[in-house]
Amino acid sequence: MKKISVAIDGPAGAGKSSVAKTAASVLGYVYIDTGAMYRSVAVYAIENGIDIAGERQRLIKCLGDIDISLRNDGGRQTVYLNDVDVTERIRTADASMGASAVAVIPEVREKLVSEQKAMARDGGVIMDGRDIGTSVLPGAELKIYLTASVAERAKRRYNENIERGMECDYDEIERDVRKRDENDMTREVSPLRKADDAVLLDTSDMTFDEVVGAVTDMIREREADVL
């Protein structure tokens, strides 16, 4: 059976990465976390003292020095920035907000989208992000728009941080989620929106396993359709 290209879009905290990663493992697909790539650029800027908003040209000049790789280390996907493991670093609040800021820079998007398209050229991939179905993989055989209420997404992010042993405040996280939504949906370059042919999946009242089951079922059904 032919493996297809799957695009999963949706707002911050909807669980796209976890769902996409698990579904890819179940189905034998390659998982591509595009959000991790933008977060990595943000971390590069932060760690090098670059003000993303005020020093855009400085960051643009550094793009050739930024090498991002997604690796499978013992069944666990890790993210490397210039050969340094930043898997945990990119999940912090400043990296999250920084990702929204770098994502509006056309030169950053051009670099990363080119790399993402190359990764998906042969199909058999599940790629998640903000504009995969609308911009990066408009020809994907299956597009899913994964979402949940702001309160539910904030609660999930809060619980994830607690499990990692990170100190956090729920109200602050909810404010960050709302701000991230606003930034992503109103940016001039490839704003977050549901592709016209995407399947809407609201996971507010679903367990993680139920969401993974729904996504894998959709992929299997679409695989059968493209034979």
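**Helix packing, rings and loops**

Tutor: The axes of helix H2 (residues 34-47) and helix H5 (residues 106-119) come within 11 Å, crossing at roughly 145°. Bear in mind that this is a predicted model.

Student: What is the handedness of the crossing of H2 and H5?

Tutor: Start from the axes of H2 and H5, which cross at roughly 145°. The hand of this crossing is right-handed.

Student: Which residues of H2 make the contact?

Tutor: Take the H5 side to begin with: Val108, Arg109, Leu112, Val113, Glu115, Gln116 and Met119. By class, the contact of H2 with H5 has seven nonpolar, two polar and two charged residues. The H2 side consists of Thr34, Met37, Tyr38 and Val41.

Student: How many aromatic pairs does a search of the whole structure find, and which geometry applies to Tyr158 and Tyr170?

Tutor: The search finds one aromatic pair. Tyr158 and Tyr170 form it, with 6.3 Å centre to centre and 75° between the planes. Planes over 60 degrees apart count as edge-to-face. The geometry is therefore edge-to-face, given the cut-off of 60 degrees.

Student: Which parts does the pair of Tyr158 and Tyr170 tie together, and how far apart are they in sequence?

Tutor: Tyr158 lies in helix H7 (residues 150-163), and Tyr170 lies in helix H8 (residues 170-186). The pair therefore ties together parts whose separation in sequence is 12 residues.

Student: Is Tyr158 buried, partly exposed or exposed?

Tutor: Buried means under 20% relative accessible area, and exposed means over 50%. Tyr158 has 27% relative accessibility, so Tyr158 counts as partly exposed.

Student: Which ring does the charged end of Arg71 sit over?

Tutor: Look at the distance from the charged end of Arg71 to the ring centre, 3.8 Å. The ring belongs to Tyr80.

Student: Where is Asn82 found, and what is its phi?

Tutor: Asn82 is in the loop between strand E4 (76-81) and strand E5 (84-85). Asn82 is a residue other than glycine, yet its phi is positive. The value is near 50°.

Student: What about Asp83: what is its phi, and is Asp83 buried or exposed?

Tutor: Asp83 is also found in the loop between E4 and E5. Its phi is positive, about 70°, although Asp83 is not a glycine. With 58% relative accessibility, Asp83 counts as exposed.

Student: What separates the C-alpha atoms of Thr207 and Arg39?

Tutor: Thr207 is in the loop between strand E8 (199-202) and helix H9 (208-225). Thr207 and Arg39 are 168 residues apart along the chain. Their C-alpha atoms are separated by 26 Å.

Notes: Residues numbered from 1 in each chain as written. Predicted model: local features only at pLDDT ≥ 70, side-chain atom pairs only at ≥ 80, totals over all residues. Heavy atoms only, no water. Phe/Tyr/Trp six-rings, centres within 6.5 Å; stacked < 30°, edge-to-face > 60°. Helix = DSSP H or I, 4+ residues; strand = E, 2+ residues; numbered from the N terminus. Buried < 20%, exposed > 50% of the residue type's maximum accessible area, 1.4 Å probe, protein only. Lys NZ or Arg CZ within 6 Å of the ring centre and 35° of its normal. Axes fitted to C-alpha atoms, helices over the stretch in contact; angles between N-to-C directions. Left-handed = near helix turned anticlockwise from the far one by under 90°. Contact = heavy atoms within 4.5 Å. Nonpolar A, V, L, I, M, F, W, Y, C, P; charged D, E, K, R; others polar.
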